[in-house]
Amino acid sequence: MEYRSTRENDTALFASQAIIKGISKDGGLFVPSRFPDLRDSLEKFKELDYKQLAAEVMGAYLDEFDKDTLLEYAEKAYSRYDCKEVVPVKKLGGGIHMLELWHGPTMAFKDMALQMLPLLLTGSLKIQKQDKNILILVATSGDTGKAALEGFCDVEHTGICVFYPHDGVSKAQKLQMVTQDGNNVMVSGIYGNFDDAQTGVKKLFADEEFNSKVEELGYSLSSANSINWGRLLPQIVYYFWGYLELVRSGSVKMGDKMNVCVPTGNFGNILAAYYAKQMGLPVGTLICASNVNNVLTDFFKTGTYCANREFYKTNSPSMDILISSNLERLLYHFSGENDKEIKRLMADLKEKGEYTVSGDIKDKMDKEFFVGYCNEQATLDVINTVFDEQKYLMDTHTAVAYDVVCQYKRETGDDAPCLVASTASPYKFSASVVDALDYPVEDDVFKNAEKIEEVTGVKIPKPLLALKNKDVRFNGICSKEDMAKIVLDWIKNNG
């Protein structure tokens with residue numbers, strides 16, 4: 001199978017090459033040339049555990065890797081999860097089912113891909129017979145950073161540099177990153193928001209002079225953000241798993257459709273659900289849930305993507321994003337793989353801060369997606385109400401999705417089962433959860449965690465407890481203009 005850039009159809013690479021590069025030189029994202037049809041395999045998949053399923057689904061795209069190798073990767077990637085099923089599915093009222101993606105080592109859904117990506121990357125280097133060092137550059141709104149650091153910690157022939165918005169992540173997220181172990185890791189805050197960090201990282205990938213200096217120091221650049229195909233691919237798996245769990249529990253009959261709702265910032269997680277649907281998974285409506293940074297809601301309703309708007313810091317910080325990178329992949333598919341059109345739209349976004357899609361693309365968006373957003377008070381109210389009525393505790397991002405699912409059901413009357421991506425442990429956002437439960441919020445992450453455990457009976461996750469006595473290793477902050485210098489200095493001193 002070949003992979004093409006969204007901005008240059010003549011760029012054709014194999015999966016291993018696309019994973020190593022991360023992003024195309026033209027700034028485009030790599031997409032598969034076709035979607036494997038797995039609908040006839042669903043009955044067989046029903047008998048598999050999560051690791052076996054991951055090998056099967058990823059193998060449909062990775063024909064350079066044999067199934068035994070992929071199974072070995074899956075066994076290793078998901079060995080540190082705190083439950084046997086890896087991804088539990090919890091049934092709530094009203095046909096809502098919570099797909100819990102946060103039982104890994106960093107308590108967020110990003111682990112599902114970022115425990116796998118380092119294995120895919122080192123495997124790709126072997127396939128391409130490349131004996132060189134890879135420098136992973138990461139912009140994070142909170143969860144990707146820690147998950148990438150954990151995944152790449154002390155992985156041979158790699159280094160990883162993570163940039164996060166200094167005042168734009170939760171205290172638990174920041175603590176996870178700045179205490180990270182490993183001899184090949186670097187973490188820095190930046191002045192600004194996630195979009196500043198993401199734009200800065202993308203600029204470094206496109207900067208030929210910077211790339212040359214990195215090469216001279218013995219490294220090549222790659223990415224662990226969801227712009228990398230090797231990061232997005234493992235996310236497709238858990239939608240297959242969620243559907244099969246609904247079948248096994250009798251909540252749906254094989255072949256009947258479920259809806260999927262995802263709290264969305266950079267659009268990668270819901271794009272993975274769209275890809276699963278294109279592969280034959282019986283998915284009805286894709287429900288895209290945003291917080292008050294509702295650029296995606298407005299885009300899907302109007303056809304105009306406008307990032308020229310006020311940026312809000314919210315209690316669901318991983319969604320505080322105005323430039324959703326993975327949307328480019330969806331537009332490429334909806335435009336009929338029109339690379340010139342995508343190049344024009346992305347140029348408009350860069351130059352004007354906005355773009356408008358064609359009527360044909362807008363029609364396709366309307367058929368596939370429902371969109372909605374949830375404000376901060378409603379987010380807290382959902383956490384409180386759902387715990388009070390159903391004794392189910394969720395984090396702020398999952399609460400946004402739950403609220404938008406309820407909006408969808410009220411507006412459409414659709415009572416089909418809905419799978420909701422539960423993206424993080426409530427303990428990653430303990431201050432907001434304590435606030436939602438109507439208790440005084442402490443400055444101390446661990447005191448807030450203890451209050452949650454006391455009130456709800458939900459145990460504090462071991463990865464959070466392990467942070468209690470760890471020393472801070474990284475306390476630097478830089479401007480986005482200084483990111484290149486920070487990276488080059490780190491390579492010189494640590495590479």
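## The parallel sheet

Two strands are said to pair if DSSP finds at least two bridges between them, and strands (E, at least two residues), like helices (H or I, at least four residues), are DSSP runs numbered from the N terminus. The model described here is a predicted one, in which local features need pLDDT of at least 70 and side-chain atom pairs count only at pLDDT 80 or more, whereas totals for chains, interfaces and linings use all residues. Residues are numbered from 1 along each chain as its sequence is written, and side-chain values use heavy atoms, with hydrogens and water left out.

Five strands form an open sheet with parallel pairing, in the order S9-S6-S7-S8-S16. Strand S9 (219–223) and strand S16 (477–478) stand at the edges with a single partner strand each, so one side of each has no neighbour in the sheet. Helix H22 (residues 483–494) packs on this sheet and touches strand S6 (133–139), S7, S8, S9 and S16, where contact means heavy atoms within 4.5 Å. The direction of H22 makes about 150° with that of S7; such angles run from 0 to 180 degrees between N-to-C directions, the axes being lines fitted to C-alpha atoms, for helices over the stretch in contact.

## Strand S8 and its partner

Strand S7 (residues 158–165) is joined to strand S8 (residues 185–190) in the parallel sense over 6 bridges.

## Helix H7 and positive phi angles

Helix H7 (residues 143–152) is also mostly covered, with 9 of its 10 residues buried, including Asp143, Lys146 and Phe152. Aspartate 154, which has a positive phi near 60°, follows H7.

Most residues other than glycine have a negative phi.

## Enclosed cavities

A cavity is a set of points, on a 1 Å grid over the protein atoms alone, where a 1.4 Å probe fits but cannot get out, and its lining residues have an atom within 4 Å of a point. Grid points are joined across faces, edges and corners, and a volume is the space filled by probe spheres set on the points. By this rule there are 3 cavities of 30 Å³ or more.

The largest cavity has a volume of about 270 Å³ and is lined by 24 residues, with Phe109, Lys110, Gly265, Asn266 and Ser318 nearest its centre. H7, helix H11 (229–249) and helix H12 (268–278) each supply at least two residues of that lining. The lining of the largest cavity divides into 7 nonpolar, 14 polar and 3 charged residues, where Ala, Val, Leu, Ile, Met, Phe, Trp, Tyr, Cys and Pro count as nonpolar, Asp, Glu, Lys and Arg as charged, and the others, Gly among them, as polar. The second largest cavity, of about 50 Å³, has a lining that includes Ser141, Pro165 and Asp320.

How values were computed. Buried means under 20% relative accessible area, exposed over 50%, partly exposed in between (1.4 Å probe, protein chains only). On a 1 Å grid over the protein atoms alone, a cavity is a set of points where a 1.4 Å probe fits but cannot get out, and a pocket is an open set with protein on both sides within 12 Å along at least five of seven lines; lining residues have an atom within 4 Å of a point.
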